[in-house]
Structures are given as structure tokens and as C-alpha cells.
Amino acid sequence: MPDMTRQIFKVLTLNAIAAVGLKRLPPELFQIGQDMTDPDVVLVRSHNMHDMHIPESVIAIGRAGAGTNNIPVNRMNARGVPVFNTPGANANAVKELVLAGMLMASRNLIPALRFVDNLEGDDQTLHEQVEAGKKQFSGMELPGRTLGIVGLGKIGRLLADATLKLGMKVLGYDPKITVESAWSLSAEVQKAHQIEDLVRRSHFISLHVPLNDSTRHLIDHDLVACMQKNTILLNFSRDAIVDEDAILMGIENGTIKYYVCDFPSRKLQHQPAVITLPHLGASTQEAEENCAMMIADQIIDYVQNGNILHT
Ligand code: MLT
């Protein structure tokens with residue numbers, strides 16, 4: 001329980017946190033700044049805190065986002081410092097970007113855009129080149145295709161609902177959720193009891209598990225070898241959930257048609273079959289505001305009542 005005899009809690013923001021959230025912190029209780037040596041509370045989005053000196057003054061860390069892998073959670077918890085996060089607050093934004101990623105891949109939009117960008121000549125010539133070249137970008141439609149969702153948390157479930165409505169078949173796998181609770185929301189999601197089973201049966205595979213010791217390199221050579229030819233693999237979770245060498249192997253042997261991911265990678269950069277985004281999953285006004293409000297409310301609840309939720 002924080003020491004409530006103090007007058008004011010100093011809040012250090014390591015990344016931009018939406019104003020609507022910061023405004024919830026009453027100024028008579030919180031002083032917010034971007035440069036403090038002895039903060040009580042640290043608010044962070046994606047800043048990597050692992051190699052950073054975290055002063056003894058810190059009593060709580062709040063992450064405006066779902067994943068906490070940029071924070072030394074065990075080290076902080078051992079010091080009695082809770083780490084708060086905002087599961088679900090940005091889930092819709094991530095789901096929408098995954099849908100965009102699926103369509104970018106299924107309709108070959110990135111190579112098609114590059115093709116048009118590189119055309120030269122007058123309008124007539126452009127039209128002729130388009131007519132001659134567009135066949136190579138012929139894609140596939142989603143209804144009837146199978147999407148395998150690995151991780152049935154808030155994002156995975158929203159994605160399942162949306163893609164079922166688009167007429168896809170949805171397979172779900174989540175080692176942590178009991179069969180009953182995972183499928184209580186959507187009876188139409190079919191169960192995969194083993195990840196290998198999901199991988200074998202899916203045209204699209206989307207990863208929605210947090211990064212931890214049990215999920216690091218979850219998608220390895222063996223799992224890529226189980227995939228169908230021309231699988232579209234989407235990773236809007238964390239880069240290290242896949243073994244990038246396995247992805248390269250899958251691209252080379254035609255197992256992976258596209259790897260769509262939300263992080264930069266030196267190894268995968270410039271691969272035509274890799275679509276890379278700059279960690280945009282949660283970057284919408286709505287998601288940023290939801291996360292900021294949710295984290296602010298938890299910090300207030302903690303310093304006022306000692307409550308710890310979502311850690
Ligand atoms: C998350 O873990 O929810 C995202 O990484 C949030 C973000 O992009 O800041």
C-alpha cells in the first residue's frame with residue numbers, strides 16, 4: 001500500500017501518453033513530467049526499461065498497452081513495485097490492423113502498389129502496362145478460407161468474431177484457456193487441441209499470445225514445416241514469437257506466401273514476401289486514449305486504495 005501521507009506523487013512519462021488520460025490524474029495528487037530523477041510512478045508505452053536504472057523512489061509502473069515485455073516485471077515485483085497494463089483497451093485497433101494485413105496479403109496489395117508506383121509513361125502507356133501486368137496480382141477471397149488464431153485473449157476473440165462474419169472458418173488454439181471458457185463466446189470457433197493441428201489446417205494464421213519464455217520462438221522450423229503451401233502468417237504480437245530463420249525457410253520453400261508483421265527486422269527487411277509495419281497495431285486515437293484512461297484510473301486506484309488490477 002503506497003504511503004498516503006505524502007502530499008503529491010511524481011509521475012514520469014517515458015513516452016507520450018494521451019492527454020485525456022493524464023488529465024484524469026488530479027493535479028492536487030499528481031505532478032506529471034518527462035524528466036525527473038525521483039519519480040513515484042512511471043508511465044510508459046513502448047520504451048525499453050530493461051537496461052534503464054529505475055530509481056528506488058518508484059512505487060508503481062503503468063504500461064499504456066497490453067504487453068509488458070518492455071518492463072522488468074519480475075525485478076519490479078521483487079521490489080514490491082506493481083506493474084499495471086491495459087488489456088483490451090487497444091484490442092479493436094489491433095484487430096482492425098490484422099484485418100488490413102490479411103487483405104493486404106490475400107490481394108497482393110503491396111507488390112501491386114509497388115508495380116503501379118514504378119510504371120512510367122503517359123496515361124495510355126500506364127493503362128497498357130496495367131492490363132498486361134495485373135494478372136500476377138490476382139488474389140483470393142476470404143469466405144470459406146480457414147483462419148487459425150493462436151491466443152484467444154481479447155484480440156483473438158474480437159478477430160474470431162469479425163472473421164466469422166466475413167464468412168471465414170475460424171480455428172482457435174490457446175494452451176492457457178480452458179476449452180469451456182475459450183469457446184463460450186463463439187460456438188462457431190473450432191477447437192484445435194494442438195498448435196500443429198491448427199497450423200496444418202489454416203490458410204491464414206494470426207498470433208495473439210504475449211511474449212514470455214513459453215512463447216519465444218513458438219513458431220519454429222517444425223511448425224513452419226507443418227504449414228500448408230502458401231500460408232499467410234500474421235504476427236501483430238511480438239517479433240520474438242517467431243524464429244525468423246524458420247520464416248525465411250518457409251518463404252524459400254513456398255510454405256509461407258506472406259509473413260505480415262508489425263515490427264522492423266534486419267533479417268527480414270527487403271524480403272518481397274514480408275510485409276512489415278512500424279508497430280502500428282495500437283496506434284489509433286481511440287486506442288491511445290483508451291489505454292491512457294485505463295492506466296490513469298488504475299494508478300489513481302492504487303495510490304488511493306492500494307488496489308492492484310491487470311498486472
Ligand atoms: C500493446 O502491447 O498493447 C502494444 O504494444 C501497445 C503499443 O503499441 O503501444
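**Strands, domains and core of a predicted model**

Trainee: How many bridges join strand 1 to strand 3, and which way do they run?
Mentor: Strand 1 (residues 9-13) and strand 3 (residues 41-44) run parallel and are joined by three bridges. Strands here are DSSP E runs of at least two residues, helices are H or I runs of at least four, and both are numbered from the N terminus. Two strands pair if DSSP finds at least two bridges between them.

Trainee: What kind of model is this, and where does the numbering start?
Mentor: It is a predicted model, in which local features need pLDDT of at least 70 and side-chain atom pairs count only at pLDDT 80 or more, while totals for chains, interfaces and linings use all residues. Residues are numbered from 1 along each chain as its sequence is written.

Trainee: Which way do the residues of strand 3 point?
Mentor: V41 and L43 point one way, V42 and V44 point the other way, and all are buried. A residue is buried if 20 or more other C-beta atoms, placed from the backbone, lie within 10 Å of its own, exposed if 12 or fewer do, and partly exposed in between.

Trainee: In what order do the strands of that sheet come?
Mentor: The order is 2-1-3-4-5, in an open sheet of five strands with parallel pairing. Strand 2 (30-33) and strand 5 (83-84) are the edge strands, each pairing on one side only.

Trainee: And what is the order in the sheet of seven strands?
Mentor: That open sheet has the order 8-7-6-9-10-11-12, again with parallel pairing. Strand 8 (190-191) and strand 12 (274-276) each have a single partner strand, so one side of each has no neighbour in the sheet. Within this sheet, strand 9 (residues 204-207) runs parallel to strand 10 (residues 231-235), and four bridges join them. L207 stands opposite N235 in strand 10.

Trainee: How many helices and strands does the whole chain have?
Mentor: The protein chain has 11 helices and 12 strands. Its C-alpha atoms fill a box of roughly 75 × 55 × 35 Å along the principal axes. Of its 311 residues, 38% are buried.

Trainee: What domains are assigned?
Mentor: The domain assignment, which is automatic or from a database, gives domain 1 (9-89 + 285-305) and domain 2 (91-276). Their C-alpha centres lie 32 Å apart. Six residues of domain 1 are in contact with six residues of domain 2, where contact requires C-beta atoms, placed from the backbone, within 7 Å.

Trainee: Where does the largest nonpolar core lie, and why?
Mentor: This core has 79 residues, and L234, I256, Y259, V260, I295 and I299 touch the most other members. Helix 11 (residues 285-305) gives the most to the core, with 10 residues. Domain 1 and domain 2 both contribute residues, so the core lies between them. Such a core is a set of buried Ala, Val, Leu, Ile, Met, Phe, Trp, Tyr and Cys residues joined through C-beta atoms within 7 Å.

Trainee: What does I256 touch?
Mentor: Beyond residues up to four places away in sequence, I256 touches V224, M227, T231, L233, I247, G250, I251 and A273.

Trainee: Now helix 8. Is L198 buried or exposed?
Mentor: L198, found in helix 8 (residues 195-201), counts as buried because it has 23 C-beta neighbours inside 10 Å. Leaving aside neighbours within four places in sequence, L198 is in contact with G148, V150, L171, Y173 and A192.

Trainee: What about E196: buried, exposed or partly exposed?
Mentor: E196, also in helix 8, is partly exposed, with 15 other C-beta atoms within 10 Å. E196 touches L223 and C226, not counting residues up to four places away in sequence. The C-alpha atoms of E196 and C226 are separated by 6.6 Å, although the two residues are 30 apart along the chain.

Trainee: Finally, which residues are around the ligand?
Mentor: They are R45, S46, G65, A66, G67, N90, H279, G281 and A282, each with its C-beta atom, placed from the backbone, within 6 Å of the ligand.

Note on methods: Two residues are in contact if their C-beta atoms, placed from the backbone, lie within 7 Å.
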